[in-house]
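Let us work through this model by question and answer.

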Amino acid sequence: MNTQTRNRTRTLRIGDERVNPGERKTIQLDVASLYDYTTLSIPIEVVSGVRDGPVLFISAAVHGDEINGVEILKRLLRSAVLSRIKGTLIAIPVVNVFGFNHKSRYLPDRRDLNRSFPGSPTGSLASRLAALFMNQIVNKSTHGIDLHTGSIHRTNLPQVRASLDDPETEELARGFGVPVILHSRERDGSLREAARKKKVCTLLFEGGEALRFDEHVIRVGLRGCLSVMRHIGMIPRSRRKPKRETRVFVAEQSYWVRASHSGSFRTLKNVGDHVEDGESLAVISDPFGKDPYRVSAEEGGIIIGMSTIPLVNRGDAMVHIATFSNSKRVRREMELADEDYF
Ligand SMILES: [Zn+2]
């Protein structure tokens with residue numbers, strides 16, 4: 001088969017649009033007609049290389065208020081290296097257009113899109129959107145990256161979550177090149193789970209908090225997406241001397257430290273800090289400052305998430321800690337990696 005024939009078969013159809021090899025197109029994929037008689041559509045940018053290669057989707061704002069990924073994709077789409085792409089990139093900066101416009105995680109019916117996959121064309125609004133996304137995007141892809149942040153009032157260390165039971169997904173997760181990976185089985189109804197069932201290996205990147213841009217997270221995420229693209233052969237490796245490869249560590253497990261008392265708290269640690277067994281993380285006290293209680297780590301590790309709202313009732317989740325066989329080495333690697341980012 002000559003190149004031309006092969007490429008002609010690679011024309012990608014999304015909605016009513018066709019994207020031929022070598023083309024770059026912005027597509028509006030119609031989702032729903034709203035009750036005000038307007039139509040809502042998902043904006044999608046497809047960058048198709050002249051040469052064959054993987055089809056990678058990168059999605060952001062599946063939770064409408066998780067916006068770091070929107071900025072990551074904006075920067076990725078301006079990257080000059082896309083002119084040399086092999087295969088096809090499908091970028092969906094805002095999947096949950098409803099939530100994004102309302103600065104909300106959810107859809108108008110309070111459903112969580114990331115619990116509605118694979119969806120159904122005759123189901124709820126969330127379910128229909130999920131089904132459309134599966135049909136038009138996931139089923140046409142070979143790989144996927146779903147960009148998230150912590151939920152509202154929670155911030156996360158940049159980290160990759162993937163199901164490491166599958167060797168190809170593990171390789172993709174390692175290829176992202178952030179020091180911390182969490183082996184996480186997919187949640188029921190998540191995009192990641194639905195994609196896995198379709199044999200599209202997909203990882204999830206988490207970093208920062210809802211409704212905020214975090215420059216560090218954005219740079220880490222952008223670099224990770226480019227690194228995955230390089231890893232699967234979509235873009236060439238840099239001709240300059242390659243930067244140091246980031247060493248990647250898989251967490252043994254993770255746990256939340258919960259408030260032992262109700263009150264407001266002062267944190268003694270930050271996301272990314274290494275903590276020892278029993279080390280103090282925060283001090284909770286009542287509005288009079290009486291009876292301060294120290295909240296401590298049950299087991300040493302790296303802080304991968306934290307509540308950013310310093311008001312808690314007893315039992316509320318405060319600090320998320322991942323444990324590793326040697327968490328000091330993970331901390332050292334994070335410091336070295338940060339020197340590379342800035
Ligand atoms: Zn999310």
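## Loops, strands and domains

Student: Pro 118 lies in the loop between which two helices?
Tutor: Helices are DSSP runs (H or I, at least four residues), as strands are (E, at least two), and both are numbered from the N terminus. By that count, the loop with Pro 118 runs between helix 3 (97-102) and helix 4 (125-136).

Student: What is the mean pLDDT of the protein chain?
Tutor: Residue numbers start from 1 along each chain, as its sequence is written. This model is predicted, so local features need pLDDT of at least 70 and side-chain atom pairs pLDDT 80 or more, while totals for chains, interfaces and linings use all residues. pLDDT is the predictor's confidence in each residue, from 0 to 100. Here 96% of the residues reach 70 or more, and the mean is 93.

Student: Over which residues does pLDDT stay under 50?
Tutor: Where pLDDT is low, the predicted coordinates should not be read in detail. That applies to a stretch with 4 contacts beyond four places in sequence, residues 1-8.

Student: Which peptide bond is cis, with omega about 0°?
Tutor: Most peptide bonds are trans. The cis bond has omega of about 0° and joins Phe 117 and Pro 118.

Student: Lys 199 has a positive phi; is this residue buried or exposed?
Tutor: Its phi is near 65°, and it is not a glycine. Lys 199 sits in the loop between helix 6 (191-197) and strand 10 (201-208). A residue is buried with 20 or more other C-beta atoms within 10 Å of its own, exposed with 12 or fewer, and partly exposed in between; C-beta atoms are placed from the backbone. Because Lys 199 has 9 C-beta neighbours inside 10 Å, it counts as exposed.

Student: How many other C-beta atoms lie within 10 Å of Leu 211?
Tutor: Leu 211 is in the loop between strand 10 and helix 7. Phi is positive there too, near 60°. Leu 211 is partly exposed, because the number of other C-beta atoms within 10 Å is 16.

Student: Why does Gly 64 count as buried?
Tutor: Gly 64 is in the loop between strand 5 (51-60) and helix 2 (68-77). Two residues are in contact if their C-beta atoms, placed from the backbone, lie within 7 Å. Beyond four places in sequence, the contacts of Gly 64 include Asn 96, Phe 98, Gly 99 and Arg 105. Gly 64 counts as buried because its C-beta neighbours inside 10 Å number 23.

Student: How far apart in space are Gly 64 and Val 97?
Tutor: In sequence, 33 residues separate them. From C-alpha to C-alpha, the distance is 6.7 Å.

Student: Which elements are included in what covers the buried residues of helix 4?
Tutor: Among the buried residues of helix 4 are Ala 126, Leu 129, Phe 133 and Met 134. Their cover includes strand 1 (12-14), strand 3 (24-33) and helix 6.

Student: In the open sheet of 4 strands, which strands stand at the edges?
Tutor: Two strands pair if DSSP finds at least two bridges between them. The order is 16-15-13-18, with antiparallel pairing. Each edge strand has a single partner, so one side of each is left without a neighbour in the sheet: these are strand 16 (293-296) and strand 18 (311-312).

Student: Which residue of strand 15 is the bridge partner of Arg 266?
Tutor: Strand 13 (263-267) and strand 15 (280-285) pair antiparallel over 4 bridges. In strand 15, the partner of Arg 266 is Val 283.

Student: Which residue of strand 19 stands opposite Val 257?
Tutor: Strand 19 (317-323) is mostly covered, with 5 of its 7 residues buried. It pairs antiparallel with strand 12 (253-258) over 6 bridges, and with strand 17 (301-307) over 4 bridges. Met 306 has Val 319 as its bridge partner in strand 19. The residue opposite Val 257 is Val 319.

Student: How far apart are the centres of domain 1 and domain 2?
Tutor: The bounds come from an automatic or database domain assignment. They give domain 1 (3-231) and domain 2 (253-341). Taken over C-alpha atoms, the centres are separated by 30 Å.

Student: Which strand supplies the largest share of the side of domain 1 that touches domain 2?
Tutor: The contact takes 14 residues from domain 1 and 17 residues from domain 2. Strand 8 (154-162), strand 9 (180-183) and helix 7 (215-231) each supply at least two residues of that side of domain 1. The largest share, 5 residues, comes from strand 8.
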